[in-house]
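The reader may wish to keep the coordinates open while reading.

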Amino acid sequence: MSATATRIATSAVTATAAPRRRRFRHGYGRPLLEVAMIPITIAYLFPLYIMVSMSFKTTSEIASSTVAPPQSLFLGNYETAWVSAGLGRAMLNSLLITAVSITIAVLIGAMAAFAIVRGNRRTSTWKLMLFLLGLMIPGQLGMVPLYILMRDAGLLQTHASLIIFYVGSLMPMTVFLYTGFLKTQSPTYEEAAKIDGAGWWKAFFHVVFPLLRPVTGTVIIVNTINTWNDFLTPLLYLAGTENRTLPVAVFSFQGEFASEWGLIFAGMMIAALPVLIVYFFLQRHVIQGFAGGLKG
Amino acid sequence: MSTALAERVSAASGPQAPSRAGRPGGAARRRRLAPQWFLAPALLFYAIVVLYPSVAGGYYAFTDWAGGAEANFIGLDNFREMLDDQAAVASLRNTLLIAVSLTVVQSGLGLLLALALNSAIRARNLLRTLFFAPMMMPPVIVGLLWQYIYTPGGPLDTALGALGLGGLIQSWLGSSDIALWSIIASVIWHHVGMSMVIFLAGLQGIPWELYEAAALDGAGKLRQFLSVTWPLLGQAITIATALTMTSSLKLFDQVFVMTGGGPGVSTQTLSLIMYREAFVYGEYGYGSAIALVLTMIVAFIVFLQMSITRRGEVDA
């Protein structure tokens, strides 16, 4: 903290006055700001309104106005998107790939952090740096070699190719979050477990992993959203197959159903809603996860 | 690492142990709390997916590999070719333009939103939730949504007309002068919540007493912002701008969906032509060279940003 800040802080201690605080917080600027936020919020929500309203509109309603709200809650677009256009299958693919990738990433990421933080201390910084390097390298650099690797291994067009890709590419963020948290924890419990004769696995599953629970929540939230919403790699590995994920399937709508915008919008809603619903239930955790995850 | 070796290592660094105050032998014991092979699975996946491909990609950048059996080392030829490639030059210019303007505008708007929603206004929690919500949407879906919003006679034109601003109507994605800015606007809509959230966390970390003291000393709102908020936000500014800059350098999904790089080459980006050269034309060597240029820019920006913003920071 700078000298000025310290001086201000010291003077604050000597001059705190509760009524002042209230007046300060509810200054005269507040109603003005509230009024100003109304048009800003409406403009910001306009695209979301378009997305929701379009998905419930019939083709003729869309033709007459792109902005007017739907006359009724027409569900035909959703039915076609889900059944005929095969989004049900795409949803299953997305769920499977995301769930398996995140489970493996959480498990081996926590193990790695355990080894880095509680292992040989002299090399721990280097090991961590090796993983953090991955946060800086754009995925584009390794895109061709990895594609060739997957092709030669016969994994293209399979769920496995994407699961391997996600587990590997999620490692830097996962290890970063886990090591950051584990460093702040005292090793007392692990030492006790060791003295009691617990093996590595026992110590990890019964002591370390439960200890990491708060940050596991963050790891799951941040990784799940990034995996579920990913587009380029699933496009490369799975496009044109039954195994494609939701974003790829909805993208291909554009070509398959040229100007049937009602149908395309229903597909967009189906792809975006699962994460949005979870978000509105866990909003505080999600926002803290994203903000806190970055600061480490 | 074998147990014997681990013991030898811990014995070798023995003299350091007593410095671990009040915990005799603690360091040696702690060293054996986790086995090194616990690192193996993570390292294996990371090496297969990130480390090996990145190194190999860096090598291919100097070859003429086009998918066949032969990959000849051709030195810097790929990079010389980029200089003569109109699409590559345009994509480099566009990528830098996108990165700089997105970082400035999105961080600025994010800070204004954070300041507004950090005050005691009504519904501030609801507004925070709403402004962050688009961050949850797949970028490709946001691209499709905005592509529709920008269609001639579509929602944006209709809304502008209804507001009496019909004169502003443009060919949003069809004009090579406007298309890049239309895409940038849609990305700001998508990501401004992220900047807002980082700044909110920064603002909430500033002790309330500082404002009170500043107010007592007669500082107005602006003076308080300049003398208290701004210097203490240093950390948040570093994070928010570095994150926006590096992610916008890699921008792909939205551009791919909305314009595919057009009209002409007016919205081509490095990641877009890298994808096209490598996976549409099969020019693996040339595509990897473009990816290497992108990597160098990202690395440069990361180091530049760290050294510049760190200097102006106050350790809070």
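**From domains to interface**

Chain A is divided into domain 1 (24-74) and domain 2 (85-295), with bounds that come from an automatic or database domain assignment. The model is a predicted one, in which local features need pLDDT of at least 70, side-chain atom pairs count only at pLDDT 80 or more, and totals for chains, interfaces and linings use all residues. Residues are numbered from 1 along each chain as its sequence is written, while chains are lettered from A and ligands numbered from 1 in the order in which they are written.

Taken over C-alpha atoms, the centres of domain 1 and domain 2 of chain A are separated by 33 Å. Between them, 7 residues of domain 1 of chain A are in contact with 7 residues of domain 2 of chain A; two residues are in contact if their C-beta atoms, placed from the backbone, lie within 7 Å. On the side of domain 1 of chain A that touches domain 2 of chain A, α3 (29-55) and α4 (59-64) of chain A each supply at least two residues. Helices (H or I, at least four residues) and strands (E, at least two) are DSSP runs, numbered from the N terminus. The largest share of that side, 3 residues, comes from α3(A). By class, the side of domain 1 of chain A that touches domain 2 of chain A has 3 nonpolar, 3 polar and 1 charged residues. Here Ala, Val, Leu, Ile, Met, Phe, Trp, Tyr, Cys and Pro count as nonpolar, Asp, Glu, Lys and Arg as charged, and the others, Gly among them, as polar.

An unreviewed entry assigns "domain: ABC transmembrane type-1" to residues 91-282 of chain A; UniProt positions are given in the numbering used here, feature names are shortened, and annotations may be inferred rather than shown by experiment. Over residues 91-282 the chain is 82% helix and 0% strand, with its end C-alpha atoms 21 Å apart. The unreviewed UniProt entry also places the feature "transmembrane region" at several stretches of chain A, including residues 162-182 and 203-225. Residues 162-182 of chain A are 100% helix and 0% strand, and the end C-alpha atoms lie 29 Å apart. For residues 203-225 of chain A, the values are 96% helix, 0% strand and 30 Å between the end C-alpha atoms.

A:Leu246 lies in helix α14 (residues 246-256) of chain A. Why does A:Leu246 count as buried? A:Leu246 counts as buried because it has 29 C-beta neighbours inside 10 Å; a residue is buried if 20 or more other C-beta atoms lie within 10 Å of its own, exposed if 12 or fewer, and partly exposed in between, with C-beta atoms placed from the backbone. Leaving aside neighbours within four places in sequence, A:Leu246 is in contact with A:Leu87, A:Ala90, A:Met91, A:Ser94, A:Ile270 and A:Ala271.

Turning to chain B, there are 15 helices and 0 strands. Of the 316 residues in chain B, 45% are buried. Among the contacts in chain B with a separation of 6 or more, 69% are between residues 24 or more positions apart. In UniProt, an unreviewed entry places "domain: ABC transmembrane type-1" at residues 92-305 of chain B, a range that is 73% helix and 0% strand, with end C-alpha atoms 19 Å apart.

How many residues of chain B are in contact with chain A? The answer is 87 residues of chain B, which are in contact with 88 residues of chain A. Helix α3 (residues 40-60) of chain B gives the most to the side of chain B that touches chain A, namely 14 residues. That side has 65 nonpolar, 13 polar and 9 charged residues. B:Phe45 has its place in helix α3 of chain B and counts as buried, because 24 C-beta neighbours lie inside 10 Å. Beyond its neighbours within four places in sequence, B:Phe45 is in contact with A:Ile108, A:Ile164, A:Val167, A:Gly168 and A:Met171.

As for confidence, the model scores ipTM 0.86 and pTM 0.86. Chain B averages a pLDDT of 86, and 87% of the residues score at least 70; pLDDT is the predictor's confidence in each residue, from 0 to 100. Over residues 1-31 of chain B the pLDDT is below 50.
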